Amino acid sequence: MIGLISYLAFFATMAGILAIAVLGLNLQWGHTGLFNGGVVAFFGAGAYGTMLLGGPPEPGQFGGFALPYVVALGGGILIAGVVAWIVGLLTLRLRHDYLAIATFGVAVAFENVTRNADWLTGGARGLRGFPRPLEAAIGDTFLYGLFFLGLVLAVLLAVYLGLERLVNSPYGRVLRAIREDEVSARSVGKNPTRLRLESFVIGSMIMGAAGGLYVSFYAFVSPQDLAPILTFQIWAMLIVGGAGNNRGAILGAFLIWGAWTLSGFALSRFAPDAMQLYTGSIQYILIGVVIVGMLMWRPQGLLPERVTKTIYQKGAKKGSVIINKEVI
Amino acid sequence: MSAVLQIEGLEAGYVRDLPILRQVNLTLKQGSLTTIIGPNGAGKSTLIKAIAGIVPISAGRVVLNGRDITGIRPDEMAPLGLAYVPQTDNIFRTLTIAQNLALVLRRLPDRAARLRELLDTFPPLAEKLDDRAGALSGGQRQMLAVAMALATRPTVMLMDEPSAGLSPKIAAEVLDLTRSLTATGVSILLVEQNVKQALRVADHCYILAEGRNRLDGPADQILSDPEVAAIYLGGRRVGAA
């Protein structure tokens, strides 16, 4: 029984971490229309940043500052934000598929840097030895698994509530306006260039937070963790759950991670021996099929974007017109 | 009537060194409705987009209320009293009508009162505040677009073919609505393909051909001009003067 609970906690922890990254992508794509094809780069920036700042010193290796966990995680998120800011300045004038190609290129470049810059990232062997938060104090592995799940779910809840507040605010309305039409948004006095960059940086910092939690969970990171499939998995989660809906993003993360885990289990158990080498590839194909199938038959996702209702009161009192529970 | 908007020797185009507009001059008078007509490719929409800062200007000046605003950024227009209603995609379809209006009202100190004024001016919008703007009919969409442009009390409105894609009846209603707005003091520069209807509601008219001024004058005179009749009723090709 403990084994099953332990496994479910492990599953939910990973799904929760990925759900945080999906929420970051949802801000960029679902609410602002930014086609980020390089999610894994920002996830990775947060992961490596947290590890470099919080990990123990090693000879010949940059980083290892052994900073307190919260500082290391915050620093990792900040590093993801700085990377996003630089990438955003260079690429955000591109639109849709061009932006996707450019950011995908950034992710490939990032992975190559992590693979080759041994002095910084440990190269192909990666970085290890990260002290997991409160692990020594809790001691018991089973309890620690539950604790870490609680930590991830708390961060997920905080990110969800923060984003709900953000996207339902006037700021969120402007983001959706920019998503629809930049020229029109400009013509009503908005500055899409600045707002697109802000959304890109905030979304990427959320992905960085997911990366920081990921590296905290495994106490290890290597270029293998930043393979392009992670970007596609996170996109599949958002497409299945419903772009533009934060609950959909979380639902999609748990569903796709569940399907990924189950398909891996089923393939390893039931596929013929001769096919066992290819089970990973079959999973990649399954992710592609899910994305294409959803786009064809239910492009709005399982939980489509909601229309926020307006409370309109035609009273005489000043400030009696309320939109999104806010006086406009 | 004094001029609120003056265009002097304007050259503009989408590609550098390939201007679509060449030495275009235009004056919009206070409280008037001036229409720009011309054959397809004459540069009508390009002119309005250049004024709004969407198409780069390579030469000439745009003067609004005595202030040179040449090359202004579109998001800087509203505080200067200039509003632009694009031909298409001039509303945000996935937002509700209230949210569309809220976008432009946000920075007004008297936004609640202004919203009420707009809803009184455009009653069909008041009935559908919580509906997605994408669910509105063509005429109502234009109404919303105009309401959004008017929200910040502009002195000059640039309208790019507001009757495009509408049935003749609705198109006439939209142009009548456009005409009625000048009673509030706003001056309107209107680009239209619907020549007869545009001339019916306009005070003054400019004809562009191949990116240059071809003819201008009071709208009623232009309407009775035999050359204009030949161009639009006889299908004759217009060359630059």
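**A strand pair and its surroundings**

Modeller: Five bridges join β7(B) to β8(B), and the two strands run parallel. Here two strands count as paired if DSSP finds at least two bridges between them. Helices (H or I, at least four residues) and strands (E, at least two) are DSSP runs, numbered from the N terminus. In general, strands of a sheet pair through backbone hydrogen bonds, either parallel or antiparallel.

Residues are numbered from 1 along each chain as its sequence is written, while chains are lettered from A and ligands numbered from 1 in the order in which they are written. The model is predicted: local features need pLDDT of at least 70, side-chain atom pairs count only at pLDDT 80 or more, and totals for chains, interfaces and linings use all residues.

Within the pair, Val156(B) stands opposite Ser187(B) in β8(B). The other partner of interest is β3(B), which is joined to β8(B) by four bridges and runs parallel to it; there, Thr35(B) stands opposite Leu190(B). Five of the five residues of β8(B) are buried, so this strand is largely enclosed by the rest of the structure. A residue is called buried if 20 or more other C-beta atoms lie within 10 Å of its own, exposed if 12 or fewer, and partly exposed in between, with C-beta atoms placed from the backbone. Ser187(B), Leu189(B) and Val191(B) point one way from β8(B), Ile188(B) and Leu190(B) the other way, and all are buried.

The helix α7 (residues 168-181) of chain B lies across β3 (33-37), β7 and β8 (187-191) of chain B, and runs at about 150 degrees to β8(B). Axes are lines fitted to C-alpha atoms, for helices over the stretch in contact, and angles run from 0 to 180 degrees between N-to-C directions. Together, β7(B), α7(B) and β8(B) make a right-handed β-α-β unit. Right-handed means that, with the strands pointing away from the viewer, the path from the first strand over the helix to the second runs clockwise.

These strands belong to an open sheet of six, in the order β6-β7-β8-β3-β9-β10 (chain B), with mixed pairing. β6 (82-85) and β10 (212-218) of chain B stand at the edges, each with a single partner strand, so one side of each is left without a neighbour in the sheet. From one strand to the next the twist averages 15 degrees.

What covers its buried residues includes β6, α3, α4, α5 (123-126), β7 and α7 of chain B. Of the 13 residues of α6(B), 11 are buried, so this helix is largely enclosed by the rest of the structure; among them are Met143(B), Leu144(B) and Val146(B). At 1.5 Å a residue, its 13 residues should span 18 Å, and the end C-alpha atoms are 18 Å apart, which agrees. The expected span is 1.5 Å times one less than the number of residues.

Chain B has a further open sheet, of four strands in the order β2-β1-β4-β5, with antiparallel pairing. Its edges are β2 (21-29) and β5 (67-68) of chain B, each with a single partner strand, so one side of each is left without a neighbour in the sheet. Strand β1 (residues 3-12) of chain B pairs with β2(B) in the antiparallel sense over six bridges, and the bridge partner of Ala12(B) in β2(B) is Leu21(B).

Finally, there is the meeting of the chains. In all, 29 residues of chain B are in contact with 27 residues of chain A, where contact means that the C-beta atoms of two residues, placed from the backbone, lie within 7 Å. On the side of chain B that touches chain A, α3 (97-105) and α4 (111-121) of chain B each supply at least two residues, and α3(B) gives the most, with six residues. The residues on that side divide into 17 nonpolar, four polar and eight charged. Ala, Val, Leu, Ile, Met, Phe, Trp, Tyr, Cys and Pro count as nonpolar, Asp, Glu, Lys and Arg as charged, and the others, Gly among them, as polar.
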